[in-house]
Amino acid sequence: MTLPSSAKTLIIGGGIIGCSTAYHLAQMGEEVVLLEKAALTSGSTWHAAGLVGQLRSNANITQLLGYSIDLYNRLEAETGLATGWKMNGGLRLACNQERWTEVKRQATTAHSFGLDMQLLTPQEAQDLWPLMDISDIVGAAFLPTDGQASPSDITQALAKGARAKGAVIHENTPVTEILTERGKMVGVRTAAGDIACEKLVLCCGQWTRDLARTIGVTVPLVSVEHQYMLTEAFGVPSDLPTLRDPDRLTYYKEEVGGLVMGGYEPNGIPWAKSGIPDPFDFQLLESNFDHFEQLVELALPRVPKLEEVGVKQLINGPESFTPDGNFILGEAPEMANVFVGAGFNAFGIAAGGGAGMALAEWVAKGAPPYDMWPVDIRRFGRPHTDTDWVRTRTLEAYGKHYTMAWPSEEHESGRPCRRSPLYDRLKASGAVFGEKLGWERPNWFAAPGEEARDIYTFDQPNWHAPVGRDHKAAREAAVLFDQSSFAKFILQGPDAEEALQWIAANRVDKPVGAIIYTQMLNDRGGIECDLTCVRTGHDSYYIVTGTGFATHDFDWIRRNIPAGLNAQLVDVTSSNAVLALFGPRARDILSAVTTADVSDAAQPFATARRIGIAGCPVLALRITYVGELGWELHLPTEYALTVYDALHAAGATHGLRNAGYRAIETLRLEKGYRAWASDIGPDHTPDEAGLGWAVKMKSNIPFKGREAVAAQREAGVKKILATFTASGDTILSGRETIYRNGTRCGWLSSGGYGHTLGQSIGMGYVRATEPIDRDYVLSGDYELEVATERVPAQVTLSPLYDPGMDRVRG
């Protein structure tokens, strides 16, 4: 079959993700061509183990995996090809009390997202899985709708379904080059000729990184050896559930009357550090029995029969893994119309159907069907351009695949990477650091005699009291946060105001010195960015957003500057340090280090001015995220230590202390401030989130998302963000199920402890099938399901702390 000379959408890669994306694009009536360098499934799809589980810690990723199962349930009937899909359920074991707590929390998460996850006794688990020894099991969880599939068969069925709707698939057609002109992607080159295309989708598995790099696109994944063992047949029933035994790092599934057993060892072996050999199609690596032995030793006590049965094969196939264990989807921020679907961390079969659907919508419609932030390619940043750093972090993530998922757990590898100038000074003061996008950030401060490290638990952690000290100081005296990791941009040019007025939901035509808190909305009215803009000149704005959103928000703003306008966006994150001074004594301290007038009359709330501190030019933003009087002080990086020392010298008599990010979290929960990627995001509108006051609907100024906001105000909202409190020793961390009048109505998007109030606090949406209002929310009786136990909860739509903003405006 002759290659076409052009295609609207061209997909590279004929594994399950590429074929699923082609299938869904074709179903939508899109013109699509798929090129595979060898034969379909020849990369890592064909040797995948094929377990299909659904539950993840994010509702939308769980929904995506659920879509995969719905698709696999109907695919055989639609295409006439067998898929090997069996909905035989999935078991997950717990062998100690902490794991049992984790499993119960997972069950609550499942209930929040509408999944039927059942908790079983050890005997009930053995009844479902008779081959296992249960002497060390505390309990188990069972998801009846999980299952297993034949990866190659499902892929071939997807390919047939794609062809039936008009997709063109060419095997044995390697792409040798991605063609660009003047920085734009225009097509691909193959040995059989060039193909022009409007959009390019890279679904090349572990080959994706190197191919994308040729056009300056970063795809942070590396290849890791992954082994599983296939036994001889010994009468294993075909309907045996899949089994995950995380305390023994292993998984099992039935295969032609025998068992597949594999796992995730703590010392994973990277592969192809110097590049993937060519060709490498339908190939395996040499079996490494010595390395696999550690998993066999863990498995034998669980399944004693394994000692008696023969091993048919030890399969060692490289898989692509990522630094955070989530796959990678979306349009590359470095180049328009180049999309990526890769890095599936050995759950590409489970994700394949849903990921292909989401990526197809992204390609065809310019946006995914719902918020995909946990897998969005824009979650990565500067450290991820270095493959050695990526490999170090990825091997840690691989080794943690089945270890306990502790609340607030931090990665340890590849650190320290990015450090503010204050790093050593803060470390000497007892700082315990966390990491975000490579930045070292102080989470809390240990006092003399306290162990300066995180000790993880599902109970009250060792940093509870130290965070309480920081929290108390912020409310009663003053604290200093090093927030130098904030992402900082400058938008400038003759049309800067016009451009930002279109992108921002709030009005930005304010005087120089004004601070504008604003969301940036998508065409559905969902919140894509939540940030602060400072008007620094007639034609310039200084924009500040969260550390982890640097790539995403820069990309969103840059892409949405209307064509023809003269406005440029520049990232100045590394140029400026940020010291945040908050608390009732903040003005006393700031007044002592500057000759500028920082009174309320001279600098009201939500204004910025340039002041001098110890010879340093400082942009002082009077704003807060903790609910107290305070300033964010933005200053050239080289002055950071000097200004830090000056503030501490002046603050010594006012009770000033260093504080960390975990205190910011407890303080903002008391104040009811929202956090993007948890409480607000692309699936939530300002009106649903209680942020409608920051939308310029009373003006006639057009802005992106305006029509969606107007339509929702006409129709009403079906979910409202509320704050919940639970008394006693209840520990909330997010995803706990919300019940209104005994009926499930949502889940907590974030949770923590309010040290001023002395109780646990959670935020989450109360959802309904019909439009609701404040009275509906406030009239209900509420409970929260916490690790499968229901506890009474109180609801409010007002800030728990300082609802009148008296402290902030003091």
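Helices (H or I, at least four residues) and strands (E, at least two) are DSSP runs, numbered from the N terminus. The model described here is predicted: local features need pLDDT of at least 70, side-chain atom pairs count only at pLDDT 80 or more, and totals for chains, interfaces and linings use all residues. Residues are numbered from 1 along each chain as its sequence is written, and side-chain values use heavy atoms, with hydrogens and water left out.

The protein contains 18 helices and 38 strands. Its radius of gyration is 27 Å, close to the 28 Å given by the globule rule for 810 residues, so the protein is as compact as a globular protein of that length. This radius is taken over C-alpha atoms, and the globule rule is 2.2 Å times the number of residues to the power 0.38. Along the principal axes, the C-alpha atoms fill a box of roughly 80 × 65 × 55 Å.

Of the 810 residues, 61% are buried. Here buried means under 20% relative accessible area, exposed means over 50%, and partly exposed lies in between (1.4 Å probe, protein chains only). The accessible surface amounts to about 29,900 Å², and carbon and sulfur atoms account for 49% of this surface. Such areas come from the Shrake-Rupley method with a 1.4 Å probe; for residues, only the protein chains shown count as cover. Among the contacts with a separation of 6 or more, 71% are between residues 24 or more positions apart, where contact means heavy atoms within 4.5 Å.

The charged residues were considered next. The mean positions of the 75 positive and 97 negative charges are 6 Å apart. Lys and Arg count as positive and Asp and Glu as negative, while His and the chain ends are not counted; the place of a charge is taken as NZ of Lys, CZ of Arg, CG of Asp or CD of Glu. The structure holds 46 salt bridges, a salt bridge being a side-chain nitrogen of Lys or Arg within 4 Å of a carboxyl oxygen of Asp or Glu.

One of these salt bridges links the side chains of R391 and D388, with an N to O distance of 3.3 Å. The two residues are 3 residues apart in helix α9 and are therefore separated by about one helical turn. R391 is buried, at 8% relative accessible area, whereas D388 is exposed, at 53%. A salt bridge also joins K400 to E409, with the closest N and O atoms 3.5 Å apart. K400 is partly exposed at 23% relative accessible area, and E409 is partly exposed at 30%.

In the salt bridge between R475 and E628, the closest N and O atoms are 3.1 Å apart. R475 lies in helix α11 (residues 464-476) and E628 in the loop between β30 (616-621) and β31 (630-636), so the pair ties together parts that are 153 residues apart in sequence. Both R475 and E628 are buried.

The backbone was then examined. Most residues other than glycine have a negative phi, and most peptide bonds are trans. The peptide bond from D278 to P279, however, is cis, with omega near 5 degrees. P279 is found in the loop between β16 (270-271) and α7 (289-299). Another cis peptide bond joins R415 and P416, with omega about -5 degrees; P416 is found in the loop between α9 (387-399) and α10 (423-428).

A677, a residue other than glycine, has a positive phi, near 80 degrees. A677 is placed in the loop between α16 (661-671) and α17 (706-715), and is partly exposed at 36% relative accessibility. T788, also not a glycine, has a positive phi of about 75 degrees. The loop between β37 (782-786) and β38 (789-796) holds T788, which is partly exposed at 24% relative accessible area.

The loop between α16 and α17 also contains D687. D687 is partly exposed, at 22% relative accessibility. Leaving aside neighbours within four places in sequence, D687 is in contact with G692, V709, Q712, R713 and V717. D687 and V717 are 30 residues apart in sequence, and their C-alpha atoms are 7.4 Å apart in space.
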